[in-house]
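Let's take a friendly walk through this model, from the fold of one chain to the way that chain meets its partner.

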Amino acid sequence: MSTTMAVLGEFGDAVDFIFDERESPAGGARVGGLGEMWELMWEHLKLSGAAMGIASAISVPIGLWLGHTGRGGFLAINASNVGRAVPTLALIAFFVAFLGVGFWNLTLALVLLAIPPILTNTYTGVRQVDRDTVDSARGMGMTGVQIVRRVELPLALPLIFGGIRISAVNVVATATIAPLAGIVTLGDPIINVNTYGDEGRLAAAIVVALLAVVTEVSLAALQRGVTPRGLKLDRREATT
Amino acid sequence: MSAPLAQLRIREDPTESCEADNGFCPDWIADNFDRYVDPFFEHVYLTVVAVAIGFAISFALALIAYRRRWLVSPITQVTGILYTIPSIAAFFLLLPLTGRGKTTALIALVAYVLLIIFRNVLAGLDNVPDETKDAGRGMGLTDRQLLWRVEVPLALPEIMAGLRIAVTTTVGLATLAFFAGAGGLGGQIFSDITFKSNVVVAGGLAVLLAAALDGLILLVQRGITPWTRAVAAR
């Protein structure tokens, strides 16, 4: 019973940390409170957003092109397998050791992390479009670009957004260790526990977990939103 | 606040020029390889135990959900949330409950792999052709015999594919287990994150471990599903 109370107490302190600032256990600075949490979250979202924007801008066109031409399938499909085998901490450490710290270096590391799932899903999404559909589009006199833009892209959108969703959750999670590369995100209270104290660390863990779940849920809603109506009738649930 | 962490440098005496220059130092690696051995085996332990427990739980869940379809959606949703919560956050959310150590790390890692394995086992079972099942029933197999002698063996390729994803993912996440006080190669990476030789060795060992375990499962799969090769060779 008393342990239950103690655990509840720790979580209570952590929630308190999110809303009210207090003096740092290391002395001097004031830490916690909504103002600082917003600041950390904004930095977290800026970093994740930049990485996701760049990664999507690179991998969606390449995936569409590879899928349309049917070339490079081995590369597109195995990109995810290779990407998964590289631990995120090792990837970031590699960038820190060889390229140094900084916003854009870290963004680049996260871009590399985000590309494989989007690339693989975009490629798969285009390839699984019914060949008869593509043939009839060609028979109607559509050019290659028109086929990609008006047939293959819309039909591949659910899978493309599935890839973006996987990457986004992964990037939001990995941005937590960004302070190792000198960028102060929501991971700062987790990594610099001396400054923020135990309740600050737990508070950051709660906010990071919520942020990841919100990212997942909202992108899942977006994925349902972009699914063409015909596909919804076909498949009850888009593959993730 | 963004000041670099007060880290314990592992280059105790950076008088040698290579280490002082932060180059890539084969000599330093050869002399200091010892320090990576224990963390490496901690890493193996975390990965193998987490995937084994995760497999046992999600395999059982998949078998139950296979017969009772209404359970598929709630199980997918719950394991989906566990999958979405970043491990590093999960470690600290568990800390007040289970304290620092391997237990906390293992719970978080197991929670993460449940969805991956559950989804693959179920997909494998669902892909067993109806005709094959009918043939089994026609031979007089009971439901239980049908499951263990026909459905599970035919689902093995998908099940093993799920295990491979789970293992490589877990090796990656276990690099963060040192935050929960469970050791592993991540602690070594973290101990001197700007030193190239250290990052390359510790990170490289993690990648090699992922590749080795992945290859091992693939070999086992080849061994226990000889018919898939027979079909491919035809």
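Which pattern does chain B follow when read along the sequence? The answer is α-α-α-α-α-α-α-α-α-α-α. Please keep in mind as you read on that this is a predicted model.

## Fold of chain B

## Overall dimensions

Chain B has a radius of gyration of 22 Å, whereas a compact globule of 234 residues would have one near 17 Å.

As for burial, 41% of the 234 residues of chain B count as buried.

## Where chain B meets chain A

How many residues does each chain bring to the contact? Chain B gives 32 residues and chain A gives 38 residues. On the side of chain B that touches chain A, the elements with two or more residues are helices H4 (72-84), H5 (87-98), H8 (143-174), H9 (185-191) and H10 (196-224) of chain B. Of these, H10(B) gives the most, with seven residues.

And what is the make-up of this side of chain B? Its residues divide into 22 nonpolar, nine polar and one charged.

Methods: Residues are numbered from 1 along each chain as its sequence is written. Chains are lettered from A and ligands numbered from 1 in the order in which they are written. This is a predicted model: local features need pLDDT of at least 70, side-chain atom pairs count only at pLDDT 80 or more; totals for chains, interfaces and linings use all residues. Helices (H or I, at least four residues) and strands (E, at least two) are DSSP runs, numbered from the N terminus. The radius of gyration is taken over C-alpha atoms; the globule rule is 2.2 Å times the number of residues to the power 0.38. A residue is buried if 20 or more other C-beta atoms lie within 10 Å of its own, exposed if 12 or fewer, and partly exposed in between; C-beta atoms are placed from the backbone. Two residues are in contact if their C-beta atoms, placed from the backbone, lie within 7 Å. Ala, Val, Leu, Ile, Met, Phe, Trp, Tyr, Cys and Pro count as nonpolar, Asp, Glu, Lys and Arg as charged, and the others, Gly among them, as polar.
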